Amino acid sequence: MSSVILKNLVKSYDGKKNVIDNINLEIKNKEFVVLVGSSGCGKSTILRLIAGLEDITSGEILIDDKVVNNVHPKDRDIAFVFQSYALYPHMSVFDNIAFGLKMRKFDKKVIKEKVLEVAKALNLEDLLERKPKQLSGGQRQRVALGRAIVRNPKVFLMDEPLSNLDANLRVHMRSEIKRLHNRLKTTFIYVTHDQTEALTMGDRIVILDKGKIQQADTPEVIYNKPCNKFVAGFIGQMNFISVDVENQCFKINEHILKTDKAISGPVCVGIRAEKMISGDVSISVTPEIVEMTGGERIIYFSLNNCRCSARVPLDYPIGEKVELRISVKDMYFFDNESGDVI
């Protein structure tokens, strides 16, 4: 097994505010878990604590059901791919990838076979004799990936490994990493701020904010059943509209809608941008900005003095006014104070 368990994990610096605030998380053997959140939420710190690169303040980290709080990083059998490349500048690509195997005294023939296999998977076959300074940023990151993959560790830790790649290569590498995960059948813990990476790669997504887990679940549940306003706004394109509910009725642009929820007073309504043309209530809006994103357009406008957006097909009629269609069944209701879904 290669499970990773975090129990009441706390990390603070100089006794000040907790950067990691009582995190409890179980990552199962062979699972691909993505930690996602805005900058400073603690996701990279969690990786460094698991790897042993930083000391925890309190709590426990278990790998294979063994507490590793005091185990040296090199003895945890973990491979870490950093956002920075962390390559040896004086070594060739081949030697960078092979370094971990050489340190473990693998046979030269085995090392060559493993390095060539990884190089082929990462499209590095023609670069094996080059030094890091002769590579692009994307190529260096692929070498860093190869150095981790070739070791076949118990757990892979990846800290935004695709952030330096161009858009097309990033899409390709997402599928390559998932393919490698399926082939290696090893536990992956992957950090990103990119919601597309999180949704497309993770078996489970862990949403973090200010050192706390907001929600941990499958991509489908995270997207369709966010537990609070933060999660709803972080994953996907969600509109937030201020309304005042009275007798279960509320107004959006003078249209009266009714909910079956026992709600009263001011609340926040959420509705995803792609759901703005699929409902049973027609509303007319004035487009402020229209963006073309390839296969669709995004229209920006105001509802109840709140800025909103709608994702529409390229052939959707857009003029001085745009007719949208919304439905209460597609709406989420959030408490204004706690942000929790109602």
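A: **The α2–α4 helix pair**

Helices α2 and α4 run roughly parallel to each other. This is a predicted model. The angle puts the pair in that class: the axes cross at roughly 30°, and angles under 35 degrees count as roughly parallel. Two packed helices are described by the angle between their axes and the distance between the axes. For the distance, the axes of α2 and α4 come within 7 Å. Helix α2 covers residues 93-103, and helix α4 covers residues 137-149. The hand of the α2 and α4 crossing is right-handed.

Now the contacts. From α2, the residues involved are V93, N96 and I97. They meet V143, G146 and R147 of α4.

Next, the cysteines. The structure has zero disulfides. C227 is in none. Its nearest cysteine sulfur belongs to C268, 14 Å away. A disulfide needs the two sulfur atoms within 2.5 Å. C227 is partly exposed, and its relative accessible area is 27%.

C268 is likewise in no disulfide. For C268, the nearest cysteine sulfur is that of C306, at 7.3 Å. C268 counts as buried, with 4% relative accessibility. The cut-off for buried is under 20%.

Notes. Residues numbered from 1 in each chain as written. Predicted model: local features only at pLDDT ≥ 70, side-chain atom pairs only at ≥ 80, totals over all residues. Heavy atoms only, no water. Axes fitted to C-alpha atoms, helices over the stretch in contact; angles between N-to-C directions. Helix = DSSP H or I, 4+ residues; strand = E, 2+ residues; numbered from the N terminus. Parallel < 35°, antiparallel > 145°, perpendicular 65-115°, else oblique. Left-handed = near helix turned anticlockwise from the far one by under 90°. Contact = heavy atoms within 4.5 Å. Buried < 20%, exposed > 50% of the residue type's maximum accessible area, 1.4 Å probe, protein only.
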